[in-house]
Amino acid sequence: MIDLDHVSKIYENGQPAVDKVSLHVDKGEFVFVVGDSGSGKSTLISLLLKETEPTEGVITVNGFVLNTMRHRKVPKYRRKIGVVFQDFRLLEEMSVYENVAFAMHAVEARGRVIRRRVPNVLREVGLTDKQNSLPRQLSGGEQQRVAIARAIVNRPDILLADEPTGNLDPGNAYEIMKLIEEINSRGTTVLVVTHNKELVNEFRKRVIMMRKGAIARDEEEGGYIEA
Ligand code: ADP
């Protein structure tokens, strides 16, 4: 599903942000990526989204070699990846329903399919009652549910979440991680970048610890702190 073969990313300052990383993630896996600020986690996400190019090494996702992918193919490739951020990034003037439907309009889904699928996804994330609300009328946890609904509505193969619980209180953070776990259990490959030690320790998934751009530890059913 995701393959990195000796991948490095060196920015202009000459320091490797990602340093010879080789990594394989199978279809259906749930992976936490942890590590101090500056250890290369966001760069890893940008590389997977082909927002940035590796300085060396080969990245393969879903059978596509990103290095040689034509520019005009990139939007189609990104459609198969759902992304969630710490700061939700919702369209503030649109209702919950419209925020999710918008993601389907963007891929030119048919109206009939949109009208069927959006309510289903809103039910999955527990927001049926809020479908006509604006983002500012929602709690942080609810806003992140909208962002997750939007990320999965086009049925991506992979869900990338960059600090999805970073702006949430512990109760909401737990609920959001549970929701991501549920999405994973239905077959979506999940990669979650997080600093949330409690959740990483509680959920017992594969944990990849980055340090200075390299993988310092890669452990099945791991915790945040080395056992
Ligand atoms: P993390 O997400 O783990 O905090 P990043 O991937 O953001 O780490 O950063 C890794 C290293 O790369 C840091 O030293 C950071 O300063 C540097 N870096 C990140 N993005 C850029 C950029 N666009 N230009 C130059 N250096 C960058």
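Strand E8 (residues 189-193) is largely enclosed by the rest of the structure, because 5 of its 5 residues are buried (buried means under 20% relative accessible area, exposed over 50%, partly exposed in between, with a 1.4 Å probe and protein chains only). The model is predicted: local features need pLDDT of at least 70, side-chain atom pairs count only at pLDDT 80 or more, and totals for chains, interfaces and linings use all residues. Residues are numbered from 1 along each chain as its sequence is written, and side-chain values use heavy atoms, with hydrogens and water left out.

**Strand E8 and its partners**
- E8 runs parallel to strand E3 (residues 30-34), joined by 4 bridges; two strands pair if DSSP finds at least two bridges between them.
- Phenylalanine 32 has valine 192 in E8 as its bridge partner.
- Strand E7 (residues 158-162) also pairs with E8 in the parallel sense, over 5 bridges.
- Isoleucine 158 stands opposite threonine 189 of E8.

**The antiparallel sheet**
- An open sheet is formed by 4 strands in the order E2-E1-E4-E5, with antiparallel pairing.
- Its edge strands, strand E2 (16-25) and E5, each pair on one side only.
- E4 and E5 run antiparallel and are joined by 2 bridges.
- Threonine 60 has valine 65 in E5 as its bridge partner.

- Most residues other than glycine have a negative phi.
- Asparagine 62 has a positive phi, near 60 degrees, and lies in the loop between strand E4 (56-61) and E5.
- Asparagine 62 counts as partly exposed, because its relative accessibility is 29%.
- Glutamate 221 has a positive phi of about 45 degrees and is found in the segment after strand E10 (214-219).
- Glutamate 221 is exposed, its relative accessible area being 59%.

**Positive surface patch**
- Arg70, Arg72, Lys73, Lys76 and Arg79 gather in a patch of positive charge on the surface.
- Patches are made of residues with over 30% relative accessible area and no salt bridge, with like charges joined within 9 Å and nonpolar side chains (Val, Leu, Ile, Met, Phe, Trp, Tyr) within 5 Å.
- A salt bridge is a side-chain nitrogen of Lys or Arg within 4 Å of a carboxyl oxygen of Asp or Glu.
- Arginine 70 lies in the loop between strand E5 (64-65) and helix H2 (74-78), and is exposed at a relative accessible area of 58%.

Terms used. Areas by Shrake-Rupley, 256 points an atom, 1.4 Å probe, with all protein chains shown as cover. Lys, Arg positive; Asp, Glu negative; His and termini not counted. Charge placed at Lys NZ, Arg CZ, Asp CG, Glu CD.
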